[in-house]
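Please look over the sequence and the structure shown here. The briefing that follows goes through them topic by topic for a reader who is new to both.

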Amino acid sequence: MQSQSDKLVVLITKGIESEVSSVAFTIANGGITAGLKVSVFLTSTGIDLVRKGGQRMTHVPPLDPLSSLIETFLARGGTIWACPPCVTARGYTEADMLDGVIIAGASAMHAEIKEGAATLSF
């Protein structure tokens, strides 16, 4: 049985070292433009994308700078979850994260998937 949903979950495992992070946030913003409720779950080095200042280290022309992509995503109502063990493993705390980032386990992502959210992984 196929369920339909207006939700999208984007799983990002790449950080400031990869152009894939910019592509992922470009697609996440596109999902909001398409009328989807979009959530991003960050794991592994993806955590560095939302460490204050980290997102300013990546820009993949012709895409918008990663910092702008993330700011726009949050301003448009997107949700960003950061994996708690991944945050802790890097020595970060909530104070190190951009405002609006939620440190939450995979259960937050799983709840959206159970409600029919489509998923993309980067």
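Predicted model: local features only at pLDDT ≥ 70, side-chain atom pairs only at ≥ 80, totals over all residues.

Helices (H or I, at least four residues) and strands (E, at least two) are DSSP runs, numbered from the N terminus.

- The phi of S44 is near 50 degrees, a positive value in a residue other than glycine, and at 33% relative accessibility S44 counts as partly exposed. The terms used here are buried for under 20% relative accessible area, exposed for over 50%, and partly exposed in between, with a 1.4 Å probe and protein chains only.
- D48 is found in this loop too, between β2 and α2, and with a relative accessible area of 13% D48 is buried.
- Not counting residues up to four places away in sequence, D48 touches I16, G54, Q55, R90 and Y92, where a contact means heavy atoms within 4.5 Å.
- P62 also belongs to the loop between β2 and α2, and the peptide bond that leads from P61 to P62 is cis, with omega near 10 degrees.
- As background to these points, most residues other than glycine have a negative phi, and most peptide bonds are trans.

**The sheet**

- An open sheet of 5 strands has the order β4-β3-β2-β1-β5, with parallel pairing; two strands are taken to pair if DSSP finds at least two bridges between them.
- β4 and β5 (118-121) stand at the edges with a single partner strand each, so one side of each is left without a neighbour in the sheet.
- Strand β1 (residues 7-12) pairs with β5 in the parallel sense over 4 bridges, and V9 stands opposite T119 in β5.
- Strand β2 (residues 37-42) is joined to β3 by 4 bridges, and these strands run parallel, with V40 standing opposite I80 in β3.
- Between β3 and strand β4 (residues 102-103) there are 2 bridges, again in a parallel arrangement, and A82 stands opposite I103 in β4.
- Within strand β3 (residues 79-82), T79 and W81 point one way while I80 and A82 point the other way, and all are buried.
- In a regular strand, the side chains alternate between the two faces of the sheet.

- β2, α2 and β3 make a right-handed β-α-β unit; a crossover is right-handed if, with the strands pointing away from the viewer, the path from the first strand over the helix to the second runs clockwise.
- The buried residues of α2 are L66, S67, L69, I70 and F73. They cover an arc of only 165 degrees around the axis, which puts them on the same side of α2; the arc is that of the directions from the helix axis to the C-beta atoms.
- Among what covers these buried residues of α2 are α1, β2 and β3.
- G77 follows α2, and its phi is positive, near 100 degrees.

- S22 is found in helix α1 (residues 20-33), and at 0% relative accessibility S22 counts as buried.
- S22 touches T58, V60, L63, L66 and L69, leaving out residues up to four places away in sequence.
- S22 and H59 are 37 residues apart in sequence, while their C-alpha atoms are 7.4 Å apart in space.
- The count comes to 1 aromatic pair, under a rule by which rings of Phe, Tyr and Trp (its six-membered ring) pair if their centres lie within 6.5 Å, with planes under 30 degrees apart counted as stacked, over 60 as edge-to-face and the rest as tilted.
- F25 and F73 form this edge-to-face pair, at 5.6 Å centre to centre and with 80 degrees between the planes. F25 lies in helix α1 and F73 in helix α2 (residues 66-75), so the pair ties together parts that are 48 residues apart in sequence.
- Both F25 and F73 are buried.

**Cysteines**

- The structure holds 0 disulfides, a disulfide being a pair of cysteine sulfur atoms within 2.5 Å.
- C83 is buried, with a relative accessible area of 10%, and C86 counts as buried at 14% relative accessibility.

Methods. Residues numbered from 1 in each chain as written. Heavy atoms only, no water.
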